[in-house]
Amino acid sequence: MTSPLTGVRVVEIGSMYAAPTAGRMLRDFGADVVKVEDPSTGDFARQWQPAHNGLAIGFARLNAGKRSVGVDLRTEEGRAVVLGLIESADVVIENFRPGRLEAWGMGYQALAERNPRLVLTRVSGFGQTGPYRERPGFGTVAETLSGYAFLNGWPHTPPTAPPFGFADSIAGISAAFGTAMALYRREVTGVGSEVDVALYEPLMFILGDAVLNYTASGNIMRRQGNASGAASPRGIYEAGDGGWLSIAGSNQTIAMRLFDAMGRPDLKTDERYATNVARMANNESLQEIVIAWVKSRPRDEILAILDEYEVVAAAVNDASDIAADPHFTDRTLVELANTVLGPAMVPGPVLHMRGTERPTYDGVPAVGEHTREVLSGELGMADAELARLAEAGVIHA
């Protein structure tokens, strides 16, 4: 088996979360990703918490299997080194504030003159255009401005941001999608292109019903806890033994099967619950019925009944549940090997493609671990030149 991006060469000059996520997506499907880092400090994500045995968990997950080259892009000689790598690359991924690459003489037009087939994928807080383009932005800002935090939580609680890189992850996956489209178009036209991803836009797309609802009807959607606002019954429920589970009666057939599973076929013809419109209008009373039924038995027993009746439901998992689940260990989790973390598992690719080799995650690079290998092997730099640049602090080798 081969991977669809085998032979694609990526230069990643992005840091932190979103751009490295895009790099990992491409690497998962065969691309060779050279990660350019500050030679003295490396990617700031190396300093994130939590960490284990000195290795940041978030950095390890996103950068395993990449090759690290330590080059100082703030110096003219450093930029010359990276431009040498870009001349033969297929893709460059960056997440500097808009205008930074242009100030360095590395904007898309300048890079395309050197390498017309290049795809330049750019991830920034607000995109390369628009009134906010020059503003700095991280995922937390994207999660608030997009409308997500306003909708996340319960009516009586404050707007709530997620405890992980939600906007960054979605933007990174979207950037990888855009890169793949640009590579396909290049195969048709022979010419590369520029991909522009704003951190907030993929998340705003997911929340698009709220915007459409307001612009069409004037109605502002608000926090609803575990309810969806679209279908009933839906939610997260506590079982009799204290375990938690989710139930999603998100279409008519499943809602009817749930009533049968509960031993309440009468609800199917009750005018308050017979249709989704009626159930939404009477959601509070219906939720009380479902809550009481779930609370009447242990979680495993409730889940077994729901499975028998083909009702969409699942346990609320923590990380220990995920790591012990045979479905996830068979399909989703992959070993992260040869690191100071010890035996560890990491979620693998976000999708599966027939005939594609499953990636391995072997080691997390140290800052500049592959500088000599890449610069000598791909740019033909002699040992004396490497030593001179290292002495000047331009590279880490």
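**View A. Val36 is bridged to Val69 in strand E5.** The model is predicted: local features need pLDDT of at least 70 and side-chain atom pairs count only at pLDDT 80 or more, while totals for chains, interfaces and linings use all residues. Residues are numbered from 1 along each chain as its sequence is written, and side-chain values use heavy atoms, leaving out hydrogens and water. Strand E2 (residues 32-37) and strand E5 (residues 67-71) run parallel and are joined by 4 bridges. Helices (H or I, at least four residues) and strands (E, at least two) are DSSP runs, numbered from the N terminus. Strands of a sheet pair through backbone hydrogen bonds, either parallel or antiparallel.

**View B. Seven strands form an open sheet, in the order E8-E7-E6-E1-E2-E5-E15.** The pairing in this sheet is mixed. The edges are taken by E8 and strand E15 (395-396), each with a single partner strand, so one side of each has no neighbour in the sheet. Two strands count as paired if DSSP finds at least two bridges between them.

**View C. Helix H1 lies across strand E1 (9-12), E2, E6 and E7.** H1 runs at about 150° to E6. Axes here are lines fitted to C-alpha atoms, for helices over the stretch in contact, with angles from 0 to 180 degrees between N-to-C directions. The helix is mostly covered, with 11 of its 11 residues buried; among them are Ala18, Pro20, Arg24, Leu26 and Asp28. Buried means under 20% relative accessible area, exposed over 50%, and partly exposed in between (1.4 Å probe, protein chains only). Gly30 follows H1 and has a positive phi, near 110°.

**View D. The largest nonpolar core holds 32 residues.** Such a core is a set of buried Ala, Val, Leu, Ile, Met, Phe, Trp, Tyr and Cys residues joined through side-chain atoms within 4.5 Å. The residues that touch the most other members are Leu5, Val8, Val10, Leu26, Ala31, Val91 and Ile93. At least two residues each come from helix H1 (18-28), strand E6 (91-94), strand E7 (119-124), helix H8 (166-189), strand E8 (194-198) and helix H9 (200-206). H8 gives the most, with 7 residues. A second, separate core has 29 residues, including Val36, Val81, Leu101 and Leu389. In soluble globular proteins, nonpolar side chains tend to be buried together.

**View E. Val8 touches Ala31, Asp32, Asp90, Val91 and Leu183.** This list does not count residues up to four places away in sequence. Contact means heavy atoms within 4.5 Å.

**View F. Leu199 sits in the loop between E8 and H9.** Leu199 counts as buried because its relative accessibility is 5%. Residues up to four places away in sequence aside, Leu199 touches Ala18, Val123, Phe138, Ala142, Ala167 and Ala171, among others. The C-alpha atoms of Leu199 and Glu102 are separated by 20 Å, and the two residues are 97 residues apart along the chain.

**View G. Asn115 is in the loop between helix H5 (108-114) and E7.** Asn115 has a relative accessible area of 7% and is therefore buried. Its side chain reaches the backbone oxygen of Glu87 at 3.3 Å. A polar contact is a pair of N or O atoms within 3.5 Å; within protein, one must be able to donate a hydrogen and the other to accept it, and residues adjacent in sequence count only if both atoms are side-chain atoms. Beyond neighbours within four places in sequence, Asn115 is in contact with Ile86, Glu87, Ser88 and Ala89.

**View H. Asp383 and Arg372 are joined by a salt bridge (3.4 Å, N to O).** This pair links distant parts of the chain, with Asp383 in helix H18 (residues 383-391) and Arg372 in helix H17 (residues 371-379), 11 residues apart. Asp383 is exposed, at 55% relative accessibility, and Arg372 is partly exposed, at 38%. A salt bridge is a side-chain nitrogen of Lys or Arg within 4 Å of a carboxyl oxygen of Asp or Glu. The whole structure has 27 salt bridges.

**View I. Arg388 forms a salt bridge with Glu385.** Their closest N and O atoms are 3.0 Å apart. Arg388 and Glu385 are separated by about one helical turn, because they are 3 residues apart in helix H18. Arg388 is partly exposed at 38% relative accessible area, as is Glu385 at 32%. Salt bridges that share partners join Arg9, Asp32, Arg67, Glu373 and Glu378 into one network.
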